[in-house]
Amino acid sequence: MKMKFALVGCGNIAKKHAHVITNYLGDSEIVALCDMIPERAQEYSKKFDASAFSSIKEMMDSVGNDIDIINVLTPSGAHFSSIAELVEYGKPIVVEKPIALRLQEADEIIRRCDINGVKIFVVHQNRYNLPIIKAREAFEQGRLGKLVMGTVRLRWKRDQKYYDSANWRGTWAHDGGVFTNQASHHIDMLTWFFGDVESVKAVGVTRLVNIECEDTGAAIIRFTNGSIGILEVTTATRPKDLEGSISFLGEKGSIVIGGFFMNELTTWEFDDKQPMDDEIFEKYGKNPAGWGYNLGEYLKGVIYSIQHNKAGLVDGLEGRISLELISAIYESIETGREIPLRFKPNRCKLGVI
């Protein structure tokens, strides 16, 4: 069955989604494009022979019956309003991370999707990186044993030109800083492996660019299982990107996955050696070549979930987990205190206009 996609938001991330849908998913196509700047949607429509619209209502009234999946690719601060409008049409929704910028918005999205019977999927495609898949298998088999520490080191370059390329970048109302935008995939990975968070203490500063939010930060996370998480994140690395790595340390083994976005296995050591360990680097050490492999695998999972009425790997509730931790990180930055989870945001600026 051919799956027909609509893209809401035609900025930079739409290029990747469009490429994956038309080149990786096989029997899928883009049938509609929507952007509040009509020229953007029209540019994509010429390339993919799809209808272009400047509003969600116009798009859904015109071709809504032909759409199977809607990908929300608007700036983070517009996710809530986009989904709130779309959910009434009953179509499955894929939204780029984060699900929203404010916890209460995420809760409202989940509530509305439940009421309308709408499946929602939050894009955390790095869960489909080959090294991550094998790490997850080892974790579920108990090969790490009691978890000790998880560490993220994100050292990327985002200069002033990057932030000036769109007026929403680096703002509290529509984007957030390095914790929200760049590190959210790594934060998702930590919580996926280490589980529920007890508390977090964080600091954040803006060092090299002129934006509202932080370009550099660090956080110490206490998980309810007794393990500790460390976040070291920055977009102030110069003169170029260095790494986007994560490590999993346990009583029986250690895994380190480096590369730019947790896509290259660098350490695989366990007390209990297994036959697969001899070929792990050769077969699963990195993703296959090609732009968008992990997003393609993610969207394949979305299609399978829809066609077989199964839960998605990252649904609304799962996507909320990382947002709650990010919100607590900002609450800690603003108050200078260690913030317990669950909490109600009070001084967190994220998503506040």
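Reader: Which residue takes a positive phi just after H8?

Author: This is a predicted model, in which local features need pLDDT of at least 70 and side-chain atom pairs count only at pLDDT 80 or more, while totals for chains, interfaces and linings use all residues. Residues are numbered from 1 along each chain as its sequence is written, and side-chain values use heavy atoms, with hydrogens and water left out. Helices are DSSP runs of H or I with at least four residues, and strands are runs of E with at least two, both numbered from the N terminus. Just after H8, a positive phi of about 90 degrees is taken by Gly 195.

Reader: Which helix gives the most to the lining of the largest cavity?

Author: A cavity is a set of points on a 1 Å grid over the protein atoms alone where a 1.4 Å probe fits but cannot get out, whereas a pocket is an open set with protein on both sides within 12 Å along at least five of seven lines; lining residues have an atom within 4 Å of a point. With three residues, the helix that gives the most is H11.

Reader: How much space lies in the second largest pocket?

Author: This pocket is lined by 15 residues, and those nearest its centre are Arg 102, Leu 103, Gln 104, Lys 344 and Pro 345. Two or more lining residues come from each of helix H5 (103-116) and helix H11 (316-335). The space in this pocket is about 230 Å³.

Reader: Within what arc do the buried residues of H5 fall?

Author: The buried residues of H5 are Leu 103, Glu 105, Ala 106, Ile 109, Ile 110 and Cys 113. What covers them includes helix H4 (79-86), strand E6 (120-123) and H11, where contact means heavy atoms within 4.5 Å. An α-helix has 3.6 residues a turn, so residues three or four places apart point the same way. The buried residues of H5 line one face of the helix, because the directions from the helix axis to their C-beta atoms fall within an arc of 165 degrees.

Reader: What is the relative accessibility of Trp 268?

Author: Trp 268 is in strand E13 (residues 264-270), and its C-alpha atom is separated by 4.9 Å from that of Ile 255, 13 residues apart along the chain. Leaving aside residues up to four places away in sequence, Trp 268 touches residues including Lys 134, Arg 143, Met 276 and Phe 281. Trp 268 counts as buried because its relative accessibility is 7%.

Methods
Grid points are joined across faces, edges and corners, and a volume is the space filled by probe spheres set on the points. Buried means under 20% relative accessible area, exposed over 50%, partly exposed in between (1.4 Å probe, protein chains only).
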